[in-house]
Amino acid sequence: MSKTIMIIGAKSDIARAIAHEFASKGYNLQLLARKSDSLLKGVADLKIRYRIDVECFEFDVLDFKSHTVFVNSLPLLPDVVVSLVGSLGDQHQSQNEWDACESVLDTNFSGPVSILNVLANKLEERKRGTIVGVSSVAGDRGRQSNYLYGSAKAGFTAYLAGLRNRLNKSNVHVVTVKPGFVNTSMTADMDLPERLTAQAEQVADDVYQAVIKKKNTLYTLWFWRYIMLIIKSIPEFIFKKLSL
Amino acid sequence: MSLSGWGGYPKTKAKAIFFRDTGELTRQVSEASSFIARGMGRSYGDSSLNNSCVLSTNRYNRFLEFDSEAGIVKCESGVTLAEVIDISINLGWFLKVTPGTKFVSIGGAIASDVHGKNHHLDGSFSSCVNSFSLLVPSGEVVNCSRSENADIFFASFGGMGLTGVILEVEFQLIQVESAYISQTSIKAANLKEAMAAFENAKETTYSVAWIDCLANGDALGRSLVMAGEHASINQLSTNIKATPLIVKPKPTLSVPFYLPSWLLNKLTVKAFNQLYYYKGKAGEGQLVDYDSFFYPLDSIHHWNRIYGRKGFVQYQCVLPLANSYEGLKSILELISASGQGSFLAVLKLFGKQEGYLSFPMEGYTLALDFPLNSRLFSLLEKLDSVVSQYDGRIYLTKDARMNSRFFAKSYEKQLNRFLDVKKKLDPDNKLRSLQSERLGL
Ligand SMILES: Cc1cc2nc3c(=O)[nH]c(=O)nc-3n(C[C@H](O)[C@H](O)[C@H](O)COP(=O)(O)OP(=O)(O)OC[C@H]3O[C@@H](n4cnc5c(N)ncnc54)[C@H](O)[C@@H]3O)c2cc1C
Ligand SMILES: NC(=O)c1ccc[n+]([C@@H]2O[C@H](COP(=O)([O-])OP(=O)(O)OC[C@H]3O[C@@H](n4cnc5c(N)ncnc54)[C@H](OP(=O)(O)O)[C@@H]3O)[C@@H](O)[C@H]2O)c1
């Protein structure tokens with residue numbers, strides 16, 4: 001029987017690439033997004049290309065109270081869950097206005113945690129499945145330019161590590177994905193260094209491989225593991241003086 | 001972003017926008033002072049370049065509908081022919097008209113009104129398109145078909161993106177029994193024999209010749225002519241009969257970096273051309289899969305890098321039938337004498353063609369590649385004067401250097417009609433490519 005993947009935050013460019021990657025391998029899709037009707041054109045495309053089943057669900061990661069009901073009403077518990085929900089926000093605004101700050105923290109941390117909590121319990125009960133959480137290299141070390149986003153991602157990374165540890169005995173695997181720069185609408189206005197920047201399709205390919213090979217932490221593109229190793233090893237008394 | 005066509009000449013820098021939907025596109029268009037659409041960048045020269053704003057359809061590439069009973073596809077213009085084949089061949093459908101690479105977008109296929117090896121029977125790409133929508137500079141989206149805005153519909157075929165950005169397209173596929181072609185190869189000792197072979201193959205769906213353009217004297221125009229038909233089930237060998245619509249994916253090679261340009265000198269080209277001619281097997285009823293028949297070069301990714309960083313220019317001309325022999329002979333003699341060999345040279349026969357700036361006309365077309373060097377442009381100008389003398393013209397999608405006088409003369413009959421439509425759609429002349437600026441289009 002063919003497998004099913006649930007993609008939370010299905011409108012993002014990386015999500016779209018992941019949907020194509022898994023669909024091309026025969027997975028059926030559950031796509032979750034706010035204003036999910038805007039996914040429709042993409043759904044026709046996925047069905048035509050891969051002749052798979054695609055279902056769309058209206059879903060808001062900040063509507064914490066709805067999450068349990070939502071999961072209980074699912075027609076089918078997926079084999080793989082990927083959460084891509086996130087928001088870069090504006091660092092300057094976030095440090096000055098609590099509403100903006102809260103939205104960044106909730107979108108990157110509390111929201112994904114809330115929905116994954118419910119799903120994790122179900123997969124644990126079933127004793128099978130994979131959870132993929134898309135965090136970020138920005139969570140590896142706080143920097144002045146984006147530490148509110150970064151600290152929420154750091155929290156999410158720690159959450160995923162704990163979840164992996166807990167679910168290991170239940171045959172549920174957890175993958176932490178830490179993208180570096182990716183060419184998406186989130187970064188469309190930034191001038192990213194071409195050699196360090198991945199296309200969403202490369203990230204999706206890496207994620208598929210990580211799921212198949214049961215990797216724990218995926219840096220994508222791969223060299224970010226080493227870039228972050230260097231960044232993490234800079235002593236704090238120097239690091240604090242840098243304008244990063 | 002640094003951009004060039006497939007030939008790598010010329011290069012330019014422009015803001016490239018990878019729009020995903022019409023809302024985003026409309027916003028960009030309203031802000032841009034000038035712009036041009038770009039698909040897969042397989043046109044050779046400067047047709048898809050502009051030094052302010054290039055609108056890429058690479059992410060505007062969703063299928064919208066596929067009626068697998070009727071073979072009708074509706075999709076966004078960034079979908080490639082390769083993707084169309086991927087969804088359709090297993091169900092017994094194939095492209096009615098296809099160029100020699102499948103890595104082109106539907107938008108690009110319309111804008112260049114591309115032709116295949118079956119032009120003499122089936123016409124150009126326009127013959128399979130039912131309708132499309134077009135974003136024009138005013139920001140309006142216009143529906144175009146044979147019955148609605150027919151002038152804009154036809155002017156956009158071969159219009160090189162200068163009527164607007166082609167958005168959603170509906171087109172018709174043809175039914176095939178198998179994914180294979182039954183091919184007949186004929187060795188032609190010279191140009192006369194090659195043209196006779198084309199005449200004989202007039203009723204055959206596909207025909208094309210690889211021509212050795214360094215041969216001279218009695219062997220001038222020596223070529224390998226290939227004709228083919230879609231193979232029916234009963235022509236297949238028993239082992240492929242069971243799965244006639246499935247072709248095993250072949251390994252692909254890639255040229256990982258630019259090769260030094262001296263590698264392709266006269267000697268290597270000559271050796272390659274001779275090898276191709278002598279190794280080519282004459283014979284009938286050879287079965288080849290569609291990839292090998294239509295897209296032999298697609299199995300080597302980035303093959304354009306063999307010409308080195310400086311790039312190359314493709315020269316494709318067509319001559320009216322009555323003048324074809326004399327004209328081709330003069331062209332081949334000039335090339336042979338110049339010693340500036342073409343690595344690949346392809347000869348085809350076109351049938352009749354209607355249209356605005358569409359390239360084909362009834363007669364023979366010759367396509368040649370030349371690595372860029374200091375002597376090249378003077379040779380190409382000599383070729384231009386031969387083409388001009390014999391009332392032929394050059395294919396805009398391959399061009400990077402012709403001058404506006406030659407262009408205006410050779411496209412004289414259709415040019416004003418085209419410009420009338422363009423002026424109506426684009427009074428402020430915002431739709432511009434480096435090519436259109438050079439040619440005064
Ligand atoms: C190996 C090879 C073999 C080829 N063989 C053939 C052949 O046999 N026959 C043939 O006819 N051609 C052939 N070509 C040329 C190729 O088919 C054309 O150049 C085609 O237009 C390329 O499509 P593209 O998507 O790459 O377009 P681009 O090169 O990106 O653009 C080409 C033109 O189309 C316009 N355009 C692209 N998308 C749109 C859009 N959405 N709306 C409006 N305008 C648009 C651009 O403005 C530009 O003027 C070959 C090319 C190669 C590299
Ligand atoms: N791009 C990069 O360079 C990069 C680098 C490292 C990590 N990442 C991470 O990768 C993930 C995907 O990012 P992306 O680059 O593809 O950017 P994106 O398009 O901005 O993706 C974010 C996604 O989250 C969704 N979302 C936001 N708030 C939501 C909510 N309340 N409820 C439901 N969905 C919500 C968005 O949906 P809407 O469209 O409805 O807003 C959007 O689909 C993010 O977690 C991001 O942090 C990206």
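**Packed helices and ligand neighbours**

Reader: At what angle do helix α6 (residues 191-200) and helix α10 (residues 321-338) of chain B pack, and how far apart are their axes?

Author: Helices here are DSSP runs (H or I, at least four residues), numbered from the N terminus. Axes are lines fitted to C-alpha atoms over the stretch in contact, and angles run from 0 to 180 degrees between N-to-C directions. For α6 and α10 of chain B, the angle is about 135° and the axes are 11 Å apart.

Reader: Which word describes how α6(B) lies to α10(B)?

Author: Angles under 35 degrees count as roughly parallel, over 145 as roughly antiparallel, 65 to 115 as roughly perpendicular and the rest as oblique. The angle of about 135° therefore makes α6(B) relative to α10(B) oblique.

Reader: Good to know! What kind of model is this, and how are its parts numbered?

Author: Residues count from 1 along each chain as its sequence is written, while chains are lettered from A and ligands numbered from 1 in the order in which they are written. Local features need pLDDT of at least 70, side-chain atom pairs count only at pLDDT 80 or more, totals for chains, interfaces and linings use all residues, and side-chain values use heavy atoms, leaving out hydrogens and water, in a model that is predicted.

Reader: Which residues of α10(B) make the contact with α6(B)?

Author: Contact means heavy atoms within 4.5 Å. On the α6(B) side are Leu191(B), Lys192(B) and Met195(B). Their partners in α10(B) are Ser324(B), Tyr325(B), Leu328(B), Lys329(B) and Leu332(B).

Reader: How do the residues of the contact of α1(A) with α7(A) divide?

Author: Helix α1 (residues 13-24) and helix α7 (residues 200-212) of chain A pack at about 55°, with axes 8 Å apart. Ala, Val, Leu, Ile, Met, Phe, Trp, Tyr, Cys and Pro count as nonpolar, Asp, Glu, Lys and Arg as charged, and the others, Gly among them, as polar. By that scheme, the contact holds ten nonpolar, no polar and four charged.

Reader: Which residue has a polar side-chain atom 2.7 Å from an oxygen atom of ligand 1?

Author: A polar contact is a pair of N or O atoms within 3.5 Å. Ser77(B) has a polar side-chain atom 3.2 Å from a nitrogen atom of ligand 1. The distance of 2.7 Å to an oxygen atom belongs to Ser112(B).

Reader: How far is a backbone N or O atom of Val182(A) from an oxygen atom of ligand 2?

Author: A polar side-chain atom of Ser12(A) lies 3.0 Å from an oxygen atom of ligand 2. For the backbone atom of Val182(A), the distance to an oxygen atom of ligand 2 is 2.9 Å.

Terms used: Helix = DSSP H or I, 4+ residues; strand = E, 2+ residues; numbered from the N terminus. Polar contact = N/O pair within 3.5 Å; in protein donor to acceptor, adjacent residues only side chain to side chain.
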